[in-house]
Amino acid sequence: QVQLVESGGGLVQPGGSLRLSCEASGSIFSIYAMGWYQQAPGKQRELVATITSGGDTNYASSVNGRFTISRDNAKNTVYLQMNSLKPEDTAVYYCNAIIRLQIGTAAHYWGQGTQVTVSS
């Protein structure tokens, strides 16, 4: 089994910063990519940022220049540094990973999510 656990969410004022973390654990053979998605109340889940095992990154236009995604392959952990936060960033942030298990093929896995609230 694979488990993704997010942490680091909370309540901040506009212009503030948060750092989200997501650690993957389980019978992992390889993690090909990891990313962060956001889901605001009443809206669909949307991509925020992704990073491949080789370090290539991709960002949603709404967060580009404010958020930075990174990963520590040795710890099977992905981070999202969130700066200059805006009220519209308020959402539940979910960690996603494309993981190949020791027995099996690659598939997408999701964490439980962590709440980010930016006051105004």
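**Terms against their cut-offs**

User: What does S21 touch, not counting residues up to four places away in sequence?

Analyst: S21 touches V5, E6, S7, W36, V78 and Y79, with residues up to four places away in sequence left out. Contact here means heavy atoms within 4.5 Å. Keep in mind that the model is predicted, so local features need pLDDT of at least 70 and side-chain atom pairs count only at 80 or more, while totals for chains, interfaces and linings use all residues. Numbering starts from 1 along each chain as its sequence is written, and side-chain values use heavy atoms, with hydrogens and water left out.

User: Why does S21 count as buried?

Analyst: Buried means under 20% relative accessible area, exposed means over 50%, and partly exposed is in between (1.4 Å probe, protein chains only). S21 has 17% relative accessibility, so it counts as buried. Across the protein, 38% of the 120 residues are buried as well.

User: What makes the place of S21 a strand?

Analyst: S21 is in strand β3. Strands are DSSP runs of E with at least two residues, helices are runs of H or I with at least four, and both are numbered from the N terminus. The protein has zero helices and eleven strands.

User: How do you know that β1 and β3 pair?

Analyst: Two strands pair if DSSP finds at least two bridges between them. β1 and β3 (residues 18-26) have six bridges and run antiparallel, and that count therefore meets the rule. Within this pair, V5 stands opposite E23.

User: Why do β1 and β7 stand at the edges?

Analyst: The open sheet has four strands, in the order β1-β3-β8-β7, with antiparallel pairing. β1 (2-7) and β7 (67-72) each have a single partner strand, so one side of each lacks a neighbour in the sheet. Neighbouring strands here are turned by 15° against each other on average, direction ignored. Axes are lines fitted to C-alpha atoms, for helices over the stretch in contact, and angles run from 0 to 180 degrees between N-to-C directions.

User: What do β7 and β8 form?

Analyst: They form a hairpin with four residues between the strands, and N76 in the turn has a positive phi of about 50°. Six bridges link β7 to β8 (residues 77-82) in the antiparallel sense, and R71 stands opposite V78. β7 also has two faces: F67, I69 and R71 are on the covered one, T68, S70 and D72 on the uncovered one. In a regular strand, side chains alternate between the two faces of the sheet.

User: Which residues touch the most other members of the largest nonpolar core?

Analyst: Those are W36, L80, M82, Y93 and I99, in a core of 31 residues. A nonpolar core is a set of buried Ala, Val, Leu, Ile, Met, Phe, Trp, Tyr and Cys residues joined through side-chain atoms within 4.5 Å. β9 gives the largest share, six residues. I99 has contacts that include V2, L4, A24 and Y109.

User: What makes the radius of gyration agree with a compact globule?

Analyst: The radius is taken over C-alpha atoms, and the globule rule is 2.2 Å times the number of residues to the power 0.38. For 120 residues a compact globule would come out near 14 Å, and the protein has 14 Å, so the two agree. The C-alpha trace spans about 50 × 25 × 20 Å along its principal axes.
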